[in-house]
Amino acid sequence: MSVSQITPSLFLSSADAALNRALVSSKGITLIVNVTLAHACPAYRGVECVRVPVSDLPHARLGDHFDSVALRIHNNRAGSTLVHCAAGMSRAPTVVMAYLMRYKGVTLREAHEWVRGSRPYIRPNAGFWRQLLDYEKKLYGRNTVKMAASPLGVLPEAKDQERSPRYCLNF
């Protein structure tokens, strides 16, 4: 059961962590964002659970929830927030990156590096990457990441002007 701390009051995990009352209590969590279709929202005293019912499929419309969920995380002044999906690899990191772009003023590339620094095995699906690209363009009018074909399928590619014009983000 791995819980990754993204900011002093924002955590990212799989569904198992949200079901551990002692862990939720020890982290001061007062808001759980459940980005799954099937996993239960725990009923803990003093803890609100918000469900974002989206499947982990490239065509799922997770981006429709970016603004409302980011605002909810931002407005949680009562304690910490835990964002989780089934494995903590695709949906939840995508939501966390959207939050970081919206409320911490970072680019998609920076948000990805930030989250990956705490949780190295994140892997948003290609559809979620496209939605993050659209969100970054909406927020900043430009993109710092592009999609590139690779043997693993379509992956994000970041612009880095200090090195070569582009490099593929490693997963």
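**Strand S2 and its setting**

Author: A hairpin of 2 residues connects S1 to S2. Helices (H or I, at least four residues) and strands (E, at least two) are DSSP runs, numbered from the N terminus. The model is a predicted one, in which local features require pLDDT of at least 70 and side-chain atom pairs count only at pLDDT 80 or more, while totals for chains, interfaces and linings use all residues. Residue numbers start from 1 along each chain as its sequence is written, and side-chain values rest on heavy atoms, with hydrogens and water left out.

S1 and S2 run antiparallel and are joined by 4 bridges; two strands are taken to pair if DSSP finds at least two bridges between them. Within this pairing, Val-3 has Ser-13 of S2 as its bridge partner. Strand S2 (residues 10-14) is also joined to strand S5 (residues 80-85), here by 5 bridges and in parallel. There, Ser-14 has Cys-85 of S5 as its bridge partner. In general, the strands of a sheet pair through backbone hydrogen bonds, either parallel or antiparallel.

These pairings belong to an open sheet of 5 strands, in the order S1-S2-S5-S3-S4 and with mixed pairing. Strand S1 (3-7) and strand S4 (48-51) stand at the edges with a single partner strand each, so one side of each has no neighbour in the sheet. From one strand to the next, the twist averages 25 degrees.

As to burial (under 20% relative accessible area is buried, over 50% exposed, and in between partly exposed, with a 1.4 Å probe and protein chains only), 5 of the 5 residues of S2 are buried, so the strand is largely enclosed by the rest of the structure. Leu-10, Leu-12 and Ser-14 point one way from S2, whereas Phe-11 and Ser-13 point the other way. In a regular strand, side chains alternate between the two faces of the sheet.

Helix H5 (residues 108-118) lies across S1 and S2 and runs at about 140 degrees to S1. H3 lies across S2, strand S3 (29-34), S4 and S5, at about 170 degrees to S3. Axes are lines fitted to C-alpha atoms, for helices over the stretch in contact, and angles run from 0 to 180 degrees between N-to-C directions; contact means heavy atoms within 4.5 Å.

The whole structure holds 2 aromatic pairs, where rings of Phe, Tyr and Trp (its six-membered ring) pair if their centres lie within 6.5 Å, and planes under 30 degrees apart count as stacked, over 60 as edge-to-face and the rest as tilted. The ring centres of Phe-66 and Tyr-135 are 5.1 Å apart and the planes stand at 65 degrees, so this pair is edge-to-face. Phe-66 lies in helix H3 (residues 66-74) and Tyr-135 in helix H6 (residues 126-140), so that the pair links parts of the chain 69 residues apart. Phe-66 and Tyr-135 are both buried.

For the chain as a whole, 6 helices and 8 strands are found, and 47% of the 171 residues count as buried.
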